[in-house]
Structures are given as structure tokens and as C-alpha cells.
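I opened my notebook to record what I looked up in this structure.

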Amino acid sequence: MKILVTGGLGYIGSHTVVELQNSNIEVVIVDNLSNSKIEVLDKITEITGNKPEYHNFDLSDKESCSKFFNENSNIDGIIHFAAYKAVGESVSKPLTYYRNNLESLMNIMDNMNSNGIHNLVFSSSCTVYGQPDILPVTEKAPRKQAESPYGNTKKMAEDIIQDTIYASDLKGIALRYFNPVGAHPTALIGELPLGVPNNLMPFITQTAAGIREQLSVFGDDYNTTDGTAIRDYIHVVDLAKAHVIAVQRLVKKNNKLNYEVFNLGTGNGLSVLDVIKSFEKITNKKLNYKIVGRREGDIEKVWANTDFANQELGWKAKQGIDDMTASAWKFQLTL
Ligand code: NAD
Ligand code: WQD
């Protein structure tokens with residue numbers, strides 16, 4: 001089995017490449033290094049003992065994309081991670097986000113159709129649910145108005161995939177990730193945010209490492225147990241393993257519908273203070289943080305109902321918050 005992993009040098013992509021190779025699946029990576037470093041290729045090779053084939057080009061460029069597929073038609077399936085993902089930046093640069101995230105997807109799907117590649121796994125996000133009315137949220141919950149152009153690219157991409165599948169013989173799985181955190185146990189790969197991190201876990205580890213002075217906790221007046229917002233944090237290695245199962249489900253024709261959607265979370269909601277407490281316990285370090293006002297666009301609480309993924313994919317997240325904070329910290333110490 002040969003799988004194309006777009007964005008395979010990025011945070012989730014690199015962990016997935018490792019899990020694919022560990023399952024003896026051949027991998028081809030396409031990544032233009034817009035949010036990753038070429039060194040990750042060596043780190044993947046160090047972990048698995050196997051250097052994946054790698055191509056550097058921009059998937060939103062129609063010509064480069066067609067050229068690649070014309071030369072590489074022996075691909076059994078695609079896991080499409082490549083996208084821009086900074087929510088705040090997408091508000092100030094909407095066209096950059098729509099162009100990169102949607103043109104890349106459409107170029108790929110065009111070339112799947114013309115090259116006889118039938119199987120697509122797509123990185124979607126729990127952001128499509130907005131603030132759900134019922135928790136834990138199931139895949140059947142209505143998708144809400146997106147809070148940002150980034151979030152809208154995920155909603156639109158799901159629709160583009162579903163419509164294209166309906167009109168062709170393609171098959172697809174959209175995986176809606178909750179909050180991926182943590183790093184590979186070897187600490188050779190992990191999350192490498194450029195500049196000041198937006199996300200909680202890298203901000204925590206950078207604060208503890210002295211790179212940031214203080215963590216701001218955005219809001220303690222939410223309707224939650226301790227007043228801070230609740231999310232479903234999931235270990236990136238658990239997440240990566242779900243991709244191996246999903247792409248095999250398609251290639252082996254075990255899918256029940258041509259388009260399927262799965263939540264990937266742990267099923268447990270944790271508050272910002274729960275994450276901080278875990279970090280302080282695991283590292284034996286006191287974190288410098290203060291409570292500030294809410295962050296615009298944040299929702300109060302969300303966590304996944306994972307029954308469908310558990311039953312249909314036979315997949316369940318195994319690692320808890322202490323594993324996530326410990327591995328994130330171990331990775332931070334290598335930087
Ligand atoms: P990342 O930025 O670390 O990885 C994305 C990779 O894609 C990068 O290596 C980047 O260089 C590459 N890329 C971007 N545009 C490209 C293009 N046009 N051509 C070629 N390569 C391109 O992000 P990640 O955290 O690994 O996220 C992977 C996917 O999962 C994204 O689609 C993201 O939107 C989605 N997602 C991420 C999260 C999260 O919190 N990290 C949550 C839900 C969904
Ligand atoms: C988690 C919690 C913050 C930073 C984002 C995207 C979403 C998805 C995952 C891709 C929240 C709080 C954070 C800080 C804080 N990405 N926080 N201080 O906002 O749930 O989701 O990443 O699809 O689309 O919106 O993740 O890690 O930014 O925040 O108090 O410095 O931590 O308010 O409650 P979020 P996050």
C-alpha cells in the first residue's frame with residue numbers, strides 16, 4: 001500500500017507518517033515547508049529507520065500538482081493535512097486561507113479523478129460544531145456558522161469532498177479532530193509553532209521554558225466547574241493512529257458509506273486549569289499564569305462523543321492528559 005501524505009512534515013502529518021511506516025505502509029510526502037522544517041524528514045527517518053519519499057511544491061499550484069500526479073499515479077490513497085491553520089491570521093488574511101486550503105484540496109481531487117486514485121482522508125476539525133447544543137457532541141450535530149475564515153475552510157472543504165464524492169467514484173473520510181497536543185515519545189518530532197503560539201499547550205511549555213514570561217488564561221467566568229473553558233485534548237500519537245485505520249478502511253473497501261465523518265477526541269472534557277495542574281504535577285514546576293478576560297471567538301465547552309469512531313474504526317484514544325503534558329514538555333526541552 002502506498003499513501004500520499006500532504007503536509008507530512010507538519011505537526012500531525014509527521015506523527016502520522018511514522019505510524020504509517022510502522023504499519024509497513026509506503027509513504028510519499030508532499031510539503032512546501034510553509035509551516036514546517038526539512039529537518040523533520042531526518043527525524044522521521046531516525047524514528048522509523050526508513051526515509052520516506054519527499055516532494056516540495058505548493059499543492060495550490062495547479063500545474064505543479066498535475067505534474068506530480070502524472071508522475072506518481074501508483075498511489076492507493078491520500079491523507080490530506082496540508083493547510084494553513086492559524087485562526088487569528090485567517091481573519092486578517094481570508095483570501096490567503098481560502099486560496100491555500102481550498103485550491104489545494106480541489107487540485108488534489110481533480111487529479112484523483114483523472115489518475116484513478118479513489119481514497120481520501122481529510123483533516124477536519126471540531127471547529128465545524130461551534131458551540132454545540134448537546135454535549136458530548138456527535139457527528140450528527142449540526143455544523144454552526146464558522147467563527148473564522150479558517151473554520152469556514154474546514155466546513156467548505158467537507159462540502160466540496162461530499163459533493164465531489166457524490167458525483168464520482170471517489171470515497172472519503174473526514175476526521176474531525178478535537179484539540180491535538182503532545183509529541184512523539186522519542187521527542188524527535190512535535191509541535192513547532194512559528195512565533196508566539198496561539199494554542200494552549202505550546203504556550204504552557206514555552207512559558208515553563210522561560211521563552212514566554214507568563215501564560216494568560218482566557219476567562220474564568222465560563223459556566224464550567226472551575227470557570228475556565230473546556231476542551232477535549234487528544235494525544236497526537238493517538239490521533240495519528242486513527243489515520244492509519246481510516247486510510248486502510250478505504251483502501252480495503254471496508255467503509256460503509258462513500259463519505260464518512262468521525263470525531264477524533266478522547267471523550268473527556270478538561271478545563272484550562274486542569275491542563276495547567278497536570279503540567280505542574282508532571283514537571284514539578286510552578287507555571288507563571290494569570291487569569292485575564294475571555295479571548296474573542298472562544299467557545300465555552302466542547303468535547304467529543306467518540307462512540308462512532310470506537311465502534312466503526314475500532315479505535316480509541318489511549319493516552320491521558322498526563323501523557324500529553326509529559327511528552328509536550330520532553331519535546332520542548334529539545335528545542
Ligand atoms: P501544520 O501547519 O503543522 O502542518 C501542515 C503542513 O502542511 C505544514 O508542514 C505546511 O508546510 C504544509 N502545507 C501547507 N500548505 C501547503 C501547500 N499549499 N502545499 C504544500 N504543503 C503545504 O498543521 P497541523 O497542526 O499538523 O495540522 C494538519 C491539518 O490538521 C491541517 O489541515 C489543520 O487545519 C488540521 N487540524 C489541525 C488541528 C490542530 O490543532 N493542530 C486541529 C484540527 C484540524
Ligand atoms: C484551548 C483553550 C483557550 C491559549 C484552536 C482552533 C481550532 C482547532 C484547535 C484547528 C481555550 C485557552 C489558550 C492561551 C488560554 N484548530 N487558552 N491561554 O481555541 O480550542 O482551538 O485549535 O482546527 O480550530 O480554534 O485551542 O489551544 O487555542 O485553546 O487560556 O494562551 O485554552 O481560551 O479555552 P482552541 P487553543
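I take a residue as buried when its relative accessible area is under 20%. The model I looked at is predicted.

Entry one, the rings. I found six aromatic pairs in the structure. For phenylalanine 68 and phenylalanine 69 I noted ring centres 5.2 Å apart and planes at 85°, so I logged the pair as edge-to-face. Phenylalanine 68 has 4% relative accessibility and counts as buried; phenylalanine 69, at 0%, counts as buried too. Ring pairs join Phe57, Phe68 and Phe69 into a cluster.

I then looked up phenylalanine 262 and phenylalanine 308, a stacked pair with 4.8 Å from centre to centre and 20° between the planes. Phenylalanine 262 belongs to strand 11 (residues 259–264) and phenylalanine 308 to helix 10 (residues 307–313), so the pair ties together parts 46 residues apart in sequence. Phenylalanine 262 has a relative accessible area of 0%, so I put it down as buried. Phenylalanine 308, at 32% relative accessibility, is partly exposed.

Entry two, the ligand site. I listed 19 residues around ligand 2, the closest being Ser125, Tyr150, Ser216, Arg231 and Asp298. By type, the shell holds ten nonpolar, six polar and three charged residues. Strand 8 gives the largest share, four residues.

Next I checked polar contacts. A polar side-chain atom of tyrosine 150 is 2.6 Å from an oxygen atom of ligand 2. For the side chain of serine 125, an N or O atom lies 2.8 Å from a ligand 2 oxygen. Phenylalanine 218 has a polar backbone atom 2.9 Å from an oxygen atom of ligand 2. The protein covers 87% of the 680 Å² of accessible area that ligand 2 has on its own.

Technical notes:
Residues numbered from 1 in each chain as written. Chains lettered and ligands numbered in written order. Predicted model: local features only at pLDDT ≥ 70, side-chain atom pairs only at ≥ 80, totals over all residues. Heavy atoms only, no water. Near = heavy atom within 4 Å. Polar contact = N/O pair within 3.5 Å; in protein donor to acceptor, adjacent residues only side chain to side chain. Areas by Shrake-Rupley, 256 points an atom, 1.4 Å probe, with all protein chains shown as cover. Helix = DSSP H or I, 4+ residues; strand = E, 2+ residues; numbered from the N terminus. Nonpolar A, V, L, I, M, F, W, Y, C, P; charged D, E, K, R; others polar. Phe/Tyr/Trp six-rings, centres within 6.5 Å; stacked < 30°, edge-to-face > 60°. Buried < 20%, exposed > 50% of the residue type's maximum accessible area, 1.4 Å probe, protein only.
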